[in-house]
Amino acid sequence: MNAPVKPVGFPLPSSVKVIPGTEAAQASYPYFMQFAKGDDERFWFYNSMHFPEPMSAFDTVTGEAAYIALGAANTRVHVLPTVLGIDQRIINGRIYIGGNAVTDPVQIGRRVEEFQQRGLYYYANWEQLYAQWKVKMLALIKDAEDIKIPELPEFDDLASVHAGRGIAQNHFVLTAYHKTIEGYFRMWHHHFEFLLLGYGAYMVFFEFCKKAFPEITDQTVSRMVAGMSPEFFRPDDELKGLARLAVELDIDHKFPEDGKADEVLKSLEQMGEPGRKWLEAFEKARHPWFNVGVGDGFYHYHRSWNDDLSIPFSAMPGYMRQVREGKTLDRPIERLKAERERIIAEYRDLLNTDDDRAAFDQMIGLSHRVFPYVEDHKFYCEHWYTTLFFNKIREFGGLLARHDFFASPEDIFHLTRFEVDAALSDLMTSWSTGSAPRGPDHWPPIIAMRKAAIAEWAKHPTSPALGAVPDVIDDPAIVMLWGITSESLNAWLNEDVTSSEIKGFAASPGVVEGIARVVKSVDEIGRLQEGDILVCPVTNPTWAPIFRKIAATVSDIGGSMSHAAIVCREYGLPAVVGTGTATQRIKDGQRIRVDGSRGVVTIL
Amino acid sequence: MTSTETIGWFADIGLVDRPSVGGKGGSLGELTRAGIAVPPGFVVRTAAFERFIEALEASAPLRAEVEALDPSDLDAVTACSKKLRARLEASDMPDALRAEIAGAYAELAGADRPVAVRSSATTEDAEDASFAGLQDTFLWVMGADEVLHRIRTCWASLYSVESLSYRLKHGLPETGVAMAVVVQTMVDARTAGVMFTRSPLTGDRSVVAIEGSWGLGSSVVGGEVTPDRFVVSKITGEISVRDISKKLIQHVPAAAGGVDELDVPTERQTIPCLSDEEISALTDTAKKVERHYGRPQDIEWAVDQGGALMLLQSRPETVWSQKEAAPVAKPQADPLMHVLSIFGGKR
């Protein structure tokens, strides 16, 4: 056998050029997110799992807030002994990230001591701290919902004058904006309060299983731990409940396959008692369970079901048909639980020694304790809060649009968070002085230029990684969440792009052939037909209604514990994730075979 | 189908009968009695061999010739081997014995249905590499005369140079020499191969590793094709590995008896030789056999032209079972301390 070819490495960051004509748009990103001297010595990978599309200027706030919070938790709060935070850089609208490791044994020793009274304290008090977390999180959501974005009337409110408030209305534009931004950063701190610890505990069990059963699949390990959270599947369950109710009330004919949500709602309002009953249930279900994003919540255009009812309403007719055919829509939770217990018991029985069995019990016990957080936090953070946050920013967009800073409230997302601050200051100044604001002349050409740049960037593929390949990848988040391991990097490097086989992680078992639909952004999910295979940069569990239609899923990025993998297993769909390049190599409409047991996609 | 001192039908024998039916025969009986589909057959017990040898001794000495040999005189051993083997192959069995075996064959297979005739060694060390010459198998044997001939060939292999040298070197008495022979209906296999109830690569006991190819299993056992390879979880049934290889040749029964080697038609070379349902049925059978024996097994199997699955043989897995399993992890006084293996820089 030939010796393996040593990988040459990925392109250096300094060799990646800004696409001509987009230099000004690239320069609009904050200076601390630009590649700079010294970055060539480090390893970076394209975070296409969370940021599969070029980032608009405002949306970079998500990367900023998330990595600030993640880094703070690892580096300063829980004090993880060997890993610090994750740095991010942006080029051509693409976010690259790179982890920071601690390698000095003296530093690791100091951090181990700190970790024992911090990280370990969290594990020891998990249930109580998590109960407290939910209260905190709901209060934070309430605070954000309550933020009022003031209008700027010609004259200040008389009542506040008489009350002697002593502060003019324009001041509250700024405080409301700062409060909105502050809440978002705070949410991300909450998000990472438990997450890495949760992944760490899971990884302990994962590594044990891989050692004891070298040929166990990733998905079997995760089946022993994951997929049992009631909240994770709640939005879809609510939808099924509404479909069942409509059939019971005999009003399901009011939900045509291609019906528009507002027309359906109007026709229900006009039909008396049964319609009223359904609408009442609908209102109850949608608050809060329709606060689920159609994306991962990291882009302003990932709207929630509540914002865009077309997604839940396009799913309901299918569920209604299944109810009429006498199929049960319930997820057989008890059966799934019993199955999970059986799998755990049988693997346990195969262990060789009492010590192994005792260690196995301890590790799976810990995994089961931490996992509800790992699954549930997404609904509160990535779905409910992010869609709420972007809607608040939209309201500021509306305010600025009404003062002619730009044409549409959506245009605000082409300003960075710092520039929005400046534009609001411009508006407050002009409201104070009585002069015209400068924004209406300043922003429209800049926004047009940035929109064009994003459209241009989307046309260009980007390297899955940059810089030198590290010897070991030790960061639990990077391994578990992004599926980035030394093996996957080598596979990316040595990939034969002319081969008809694409390898990735076996995320959900089964073999299926079908037509590939390459869906690069959420706007395109309407193109998916019954039986199609979804090929996307990142699989997204909240496209739940779509998962009912498709036959399999293939993604560029994602590990065995990515939510997509979990949802595909739940729906019994074959899935191959973390392929690196599937969306670039598979052409829309091609016939492909997805082998979710082996992690191989074949172009037929 | 009554078993006698000479004939043991599979349904009547088990591993405890090893001294008279051999390891292979005992195992086939054991599987049959455990309700696992095995091609029907019987064992010609060691008593038959002894009756044959006694008849030969009556006409001219046989054991004495071996006992008189000088183990270091290889030429003499070789000449003696050649002579005795020819004698065993050419000599008829006593009439009563012939009639009894031919009767069992007729009962099993009718006048000319094909059977496999295989030697079945009676001692553990006879299965060693040193006795490799003993492991004779004749496939697609048809007609009573040919069956009787092949039984004698199996018996004659006890007088191979290797066997003689081994017995002489270890001072084993000639009176203790015995061999049973299995006569078993052939399966006209569409697909056949082997499977292990633990991974042969890693020793993982949670999986069944299956290897198979088109036609009779002899192409897989003999290493003449690269078989398709499947790894299946015993616990979830998930097929985690499917290595479909290019299967160029297949063994098929020859019209006149024996086995022909044919090219696999191009369109069948790279398609899987087993369906998912068959893989799952094989896995279930593997689990059942392992449970029956209480230890990991190495199994030969076949799927016939009608799709029916049958086991041809099962023996204990030896490679991994002899290794001391290393402990995976120790329990901690405080279970939380396990996380330090991830976060603590101990990797």
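**View 1. Confidence along chain A of the predicted model.** The mean pLDDT (the predictor's confidence in each residue, from 0 to 100) of chain A is 88, and 94% of its residues reach 70 or more. Over residues 1-7 of chain A, pLDDT stays under 50, and the model has 5 contacts beyond four places in sequence for this stretch. Two residues are in contact if their C-beta atoms, placed from the backbone, lie within 7 Å. This is a predicted model, in which local features need pLDDT of at least 70, side-chain atom pairs count only at pLDDT 80 or more, and totals for chains, interfaces and linings use all residues. Residues are numbered from 1 along each chain as its sequence is written, while chains are lettered from A and ligands numbered from 1 in the order in which they are written.

**View 2. The fold of chain A.** Chain A contains 22 helices and 12 strands; helices (H or I, at least four residues) and strands (E, at least two) are DSSP runs, numbered from the N terminus. The C-alpha trace of chain A spans about 80 × 65 × 50 Å along its principal axes. Residues 24 or more positions apart supply 71% of the contacts in chain A with a separation of 6 or more.

**View 3. The side of chain B that touches chain A.** The contact takes 42 residues from chain A and 32 residues from chain B. On the chain B side, β8 (228-233), β9 (239-243) and α11 (340-343) are the elements that give two or more residues. The largest share, 4 residues, comes from β9(B).
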